[in-house]
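Here is a friendly briefing to read alongside your viewer.

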Amino acid sequence: MPVTKRNHARRISWSPHGKWWRHAPQKGNDHTMILSPRRLSSLAEAAALLADRAKGGRIFIPAGPVEPLALADAFRAEPGLADDLTFCGLFIPGLNRLDWAALSAKAAANIFLPSPDFATTISDGRTHVIPCHYSAAWRFLRDQDFKAAVFHLAPPDAQGQCSVSLSADASPAFFDRDVFKLGLINPALPVVTGAPTVPLAALDAWVEAEAIPPELITPAPTGDIDGLVAHVSNLIEDGSCLQAGIGRLPGAIMASLVARRDLSIHSGLIGDWILPLLDAGCVRDQPRALTSGVILGSHNMQARLAGESRLSLVPIAQTHGAAHLGAITRFVSLNAALEVDLAGQINCEFAGDRVLAGVGGAVDFLRGARLSPGGKPIVMVQAVGKDGRSRIIPRLSAPSVSIARSDAPILVSEFGAIDLEPLDAKARALAIISLAAPEHRDMLKAAWAHPSEARK
């Protein structure tokens, strides 16, 4: 790596406001040697250098819409290059489908949100799933040993600052960590007005790597959801601050809120569901009215939000931190369940024996909404699945409990909305049964009356 001389040393620091800044030159340090970033000629060279610096250790890989698939291709093109490396990232089910542990028979991965795409290497022990809340994933990135971090960035501006572009949730965990920092400078990534920036000079090495960011197109929900959407909409008032995730329901719910005013967003991600609210003038006109960690959706939405002055992209510590969430007035969390049992336990992860996702930030947001003045922790469940079976069942089986009964939310189905928190066990079970489809209620009542029979 080339070394250049400067009259005074400059240290680079990350500020909590999302900008890098340089300390003033210090007197008395003449002829101090500081490193300038090394420009690499190709992704193949970048992969080789990264493998050398991180050998036997863990590498942070950015995910979501900035997953560096071209870097993975460079590893794949050189058999053995990924040997003894552990790749770690917040890979999003349905979007980030590359299994990084599969780049080599001797590679490994740490992930937080499992999906069927990682099933093979999870089964053979090369991909290790860390089952935790999203807020805990931030602590893992901050506290655990890493040898290197990859940053996927928009090109530098006139001051040498590179926008982190569409994703600021995880990469800031490494801005001030003593790890090898590799930058992938991508001309196809938009410069996002409200995103943090990284100075090119803060990197150890960088390479130009142009690649169009992926889109996440969410299918329309199946089944009759009009009743569920109406019940959720009735709970949301003017002036609410909304959180929503990936999935089929958020778009339909947001489209039902176009008559609301003075809304804001505080969410782990912002998807295409924001567009109807922007078009209808529902969003509060002030800075940080749109606060998120990731922009995740269509290219049209990515381009529109890139120049949105109300948008602020921030790290997980802010999007999912309890203190931040509890300080928001009228914070409404909107998360979906796969199954709910009569104790109020909720499954967000499993379909039978198949793992579809992790718990993610659902519990972080649910608890934050409980702490928020006027907040509402909403969990939505479609009462009947595509196979005609009830999604409200007598009892969940471990390990499918994603949300404990002690974190009782406002539960909503097509048949109503009930706040479970103040209810005793019997009242809670009867309330949940009332949210099931009518044809399944007798079965559920019998299961509640004779729990030993239901477990057979």
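## A loop residue to begin with

Ser-104 sits in the loop that runs between strand S7 (86-89) and strand S8 (108-111). Please keep in mind that this is a predicted model. Ser-104 is buried, its relative accessible area being 8%. Leaving out residues up to four places away in sequence, Ser-104 touches Ala-82, Asp-83 and Arg-126.

**The chain as a whole**

- The secondary structure of the protein chain amounts to 14 helices and 27 strands.
- For 456 residues, a compact globule would have a radius of gyration near 23 Å, and the 24 Å of the protein chain agrees with that.
- Along the principal axes, the C-alpha atoms of the protein chain fill a box of roughly 80 × 50 × 35 Å.
- Of the 456 residues in the protein chain, 55% count as buried.
- If you take the contacts between residues at least 6 apart in sequence, 69% of them join residues at least 24 apart.

**Helix H1 and its surroundings**

- Helix H1 (residues 43-53) packs against helix H2 (residues 69-76) at an angle of about 75°, and their axes are 9 Å apart.
- H1 is therefore roughly perpendicular to H2, as angles of 65 to 115 degrees count as roughly perpendicular.
- On the H1 side, the contact is made by Leu-43, Ala-44, Ala-47, Leu-50 and Ala-51; on the H2 side, it is made by Ala-70, Leu-71, Ala-74 and Phe-75.
- By residue class, the contact of H1 with H2 divides into 9 nonpolar, no polar and no charged residues.
- Which residues of H1 are buried? They are Leu-43, Ala-46, Ala-47, Leu-49, Leu-50 and Ala-51.
- The cover over these buried residues of H1 includes H2, along with strand S5 (38-39), strand S6 (58-60), strand S10 (148-153), strand S12 (180-185) and strand S14 (205-208).
- As background for reading such a list, an α-helix has 3.6 residues a turn, so residues three or four places apart point the same way.

**Nonpolar cores**

- The largest nonpolar core has 80 residues, and those with the most contacts inside it are Leu-141 and Ile-274.
- Helix H4 (residues 134-143) gives the most to this core, contributing 6 residues.
- A second, separate core has 34 residues, including Leu-71, Leu-81, Leu-85 and Ile-111.
- Ile-274 touches Ile-265, Val-283, Leu-290, Met-301 and Leu-305, with residues up to four places away in sequence not counted.

- Ile-295 lies in strand S17 (residues 290-295).
- Is Ile-295 buried or exposed? Ile-295 is buried, with a relative accessible area of 0%, and the cut-off for buried is under 20%.
- Setting aside neighbours within four places in sequence, Ile-295 is in contact with Pro-65, Leu-166, Val-192, Ile-270, Met-301, Gln-302, Leu-305, Leu-311 and Leu-313.
- For a distance check, the C-alpha atoms of Ile-295 and Arg-367 are separated by 23 Å, and the two residues are 72 residues apart along the chain.
- Leu-278 lies in helix H7 (residues 274-279), and at 11% relative accessibility Leu-278 counts as buried.
- Not counting residues up to four places away in sequence, Leu-278 touches Val-283, Leu-290, Arg-304, Leu-305, Glu-308 and Arg-310.
- Leu-278 and Val-258 are 20 residues apart in sequence, and their C-alpha atoms are 8.9 Å apart in space.

**Backbone angles to look at**

- Asp-84 has a positive phi of about 65°, although it is not a glycine.
- Where is Asp-84 found? Asp-84 is in the loop between H2 and S7.
- Asp-84 is partly exposed, with a relative accessible area of 44%.
- Asp-262 has a positive phi of about 60° and is not a glycine either.
- Asp-262 is found in the loop between helix H6 (249-255) and strand S16 (264-270).
- With 36% relative accessibility, Asp-262 counts as partly exposed.

Methods:
Residues are numbered from 1 along each chain as its sequence is written. This is a predicted model: local features need pLDDT of at least 70, side-chain atom pairs count only at pLDDT 80 or more; totals for chains, interfaces and linings use all residues. Side-chain values use heavy atoms; hydrogens and water are left out. Axes are lines fitted to C-alpha atoms, for helices over the stretch in contact, and angles run from 0 to 180 degrees between N-to-C directions. Helices (H or I, at least four residues) and strands (E, at least two) are DSSP runs, numbered from the N terminus. Angles under 35 degrees count as roughly parallel, over 145 as roughly antiparallel, 65 to 115 as roughly perpendicular and the rest as oblique. Contact means heavy atoms within 4.5 Å. Ala, Val, Leu, Ile, Met, Phe, Trp, Tyr, Cys and Pro count as nonpolar, Asp, Glu, Lys and Arg as charged, and the others, Gly among them, as polar. A nonpolar core is a set of buried Ala, Val, Leu, Ile, Met, Phe, Trp, Tyr and Cys residues joined through side-chain atoms within 4.5 Å. Buried means under 20% relative accessible area, exposed over 50%, partly exposed in between (1.4 Å probe, protein chains only). The radius of gyration is taken over C-alpha atoms; the globule rule is 2.2 Å times the number of residues to the power 0.38.
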